[in-house]
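Subject: Structure handover

Dear colleague,

I am passing on to you the structure shown below, together with an account of what was found in it. Please keep it open while you read, as the notes go from one part to the next.

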Amino acid sequence: CFFFVIGMCSPECLHRNMGNLLKVLTCTDLEQEPNFFLDFENAQPTDAEREVWEQVDLVLKDARGVLDELQAYKGAGQEIREAIQNPSDEALQKAAWAAVVHLVGKLKKFYQFSQRLEAALHSLLGPLTSETYDDPTQHLEREQALAKQFAEILHFTLRFDELKMTNPAIQNDFSYYRRTLSRMRINNTPAEGENEVNNEMANRISLFYADATPMLKTLSDSTTKFVSENKNLPIENTTDCLSTMASVCKVMLETPEYRSRFTSEETVSFCLRVMVGVIILYDYVHPVGAFSKSSKIDMKGCIKVLRDQPPNSVEGLLNALRYTTKHLNDESTNKTIKSMLQ
């Protein structure tokens with residue numbers, strides 16, 4: 001923080017300077033936080049944003065359906081158990097296979113959606129990290145529709161991974177599919193539905209679901225890839241975009257005049273989820289992560305904002321910080337931050 005002297009000036013100037021002084025006196029040890037309202041509810045694309053916005057919008061329109069299907073995913077546990085317990089009952093083997101082939105079609109669809117999401121993220125990172133504006137705050141403030149889409153991708157990612165982590169049927173079904181397919185090949189048995197997923201695709205899908213948080217891994221790998229492919233762009237352009245988004249969410253959540261502008265409590269939940277998602281992404285992409293002293297994210301402030309919410313509404317988000325970040329347990333992590341997350 002810094003100090004300045006208010007000299008002889010007009011009432012308008014004095015009012016502006018007093019406003020700046022209040023900002024300065026309330027700022028943290030970090031660089032001054034961005035102080036503007038990012039309209040997650042109503043942001044509309046400008047002409048400059050429209051082309052990218054329309055590409056990404058096509059992907060986001062399908063995201064709701066993916067979450068609905070994943071939430072309704074019940075698995076073929078019973079059919080698989082009956083088939084394993086009665087190996088000579090051909091009817092039960094066929095029933096289990098038919099059930100699993102149908103579900104593997106869904107798992108393939110979710111995996112393919114992750115690839116579309118990766119492409120959408122690349123489309124957004126281009127303009128949001130470009131040299132068009134001097135700093136990430138200007139990007140997010142002036143490209144609000146793209147910032148909102150980036151937030152929606154983060155929101156989807158955390159929700160997808162939450163649902164996947166609490167559904168062991170996904171990996172059980174896919175393991176049974178691969179084992180059965182392998183046995184059919186050895187016995188030269190024609191496998192109906194084999195064309196659904198060939199061997200190469202099965203390997204990729206298996207790797208995807210083997211990760212505890214597959215969609216987050218897709219985003220972090222995609223962001224890292226974006227940085228490595230754009231060598232002329234300093235890595236700070238990308239990491240500062242992430243840290244600024246976290247700060248914007250935190251400031252909006254803890255500032256009554258901003259929070260009162262949300263027309264629904266769902267926007268509060270959305271904002272909290274986006275803040276956590278962007279922290280986790282920053283922790284993976286930044287060389288030393290979100291918890292180090294050199295991090296540009298006010299982790300104590302962000303955790304405090306989470307702790308100030310009704311406990312039942314944020315336990316999943318606190319768990320995401322506890323268990324899906326990369327650097328929380330590093331020796332260099334501040335002990336206060338660790339204890340705040342215990």
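Contact, as the word is used here, means heavy atoms within 4.5 Å. Please also bear in mind that this is a predicted model.

The next item is a pair of helices, H4 (residues 90-128) and H7 (residues 169-186), which pack with their axes 9 Å apart and at an angle of about 120°. That angle makes H4 oblique to H7, and the crossing in which H4 passes H7 is left-handed. On the H4 side the contact is made by Gln93, Ala96, Trp97, Val100, Val101, Leu103, Val104 and Leu107, while H7 brings Ile170, Asp173, Phe174, Tyr176, Tyr177, Thr180, Leu181 and Met184. Of the residues in this contact of H4 with H7, 13 are nonpolar, two are polar and one is charged.

Turning to charged pairs, a search of the whole structure finds 16 salt bridges, and I describe some of them here.

One of them joins the side chains of Glu162 and Arg273, at 2.8 Å from N to O. This pair links distant parts of the chain, since Glu162 lies in helix H6 (residues 144-165) and Arg273 in helix H12, 111 residues apart. Glu162 is partly exposed, with a relative accessible area of 23%, whereas Arg273, at 16% relative accessibility, counts as buried, because the cut-off for buried is under 20%.

Two other salt bridges lie within single helices. Arg204 and Glu200 meet through their side chains at 2.8 Å, N to O, and both lie in helix H8 (residues 199-210), four residues apart, or about one turn of the helix. Here Arg204 is partly exposed at 33% relative accessibility, and Glu200 is exposed at 54%. In helix H10, Glu254 and Lys250 are likewise four residues apart and so separated by about one helical turn, and their side chains form a salt bridge of 2.9 Å, N to O. Glu254 counts as partly exposed at 40% relative accessibility, but Lys250 counts as buried at 3%.

Finally, a network of salt bridges links Glu69, Lys106 and Lys109.

Key. Residues are numbered from 1 along each chain as its sequence is written. This is a predicted model: local features need pLDDT of at least 70, side-chain atom pairs count only at pLDDT 80 or more; totals for chains, interfaces and linings use all residues. Side-chain values use heavy atoms; hydrogens and water are left out. Axes are lines fitted to C-alpha atoms, for helices over the stretch in contact, and angles run from 0 to 180 degrees between N-to-C directions. Angles under 35 degrees count as roughly parallel, over 145 as roughly antiparallel, 65 to 115 as roughly perpendicular and the rest as oblique. A crossing is left-handed if the near helix is turned anticlockwise from the far one by less than a right angle, and right-handed if clockwise. Ala, Val, Leu, Ile, Met, Phe, Trp, Tyr, Cys and Pro count as nonpolar, Asp, Glu, Lys and Arg as charged, and the others, Gly among them, as polar. A salt bridge is a side-chain nitrogen of Lys or Arg within 4 Å of a carboxyl oxygen of Asp or Glu. Buried means under 20% relative accessible area, exposed over 50%, partly exposed in between (1.4 Å probe, protein chains only).
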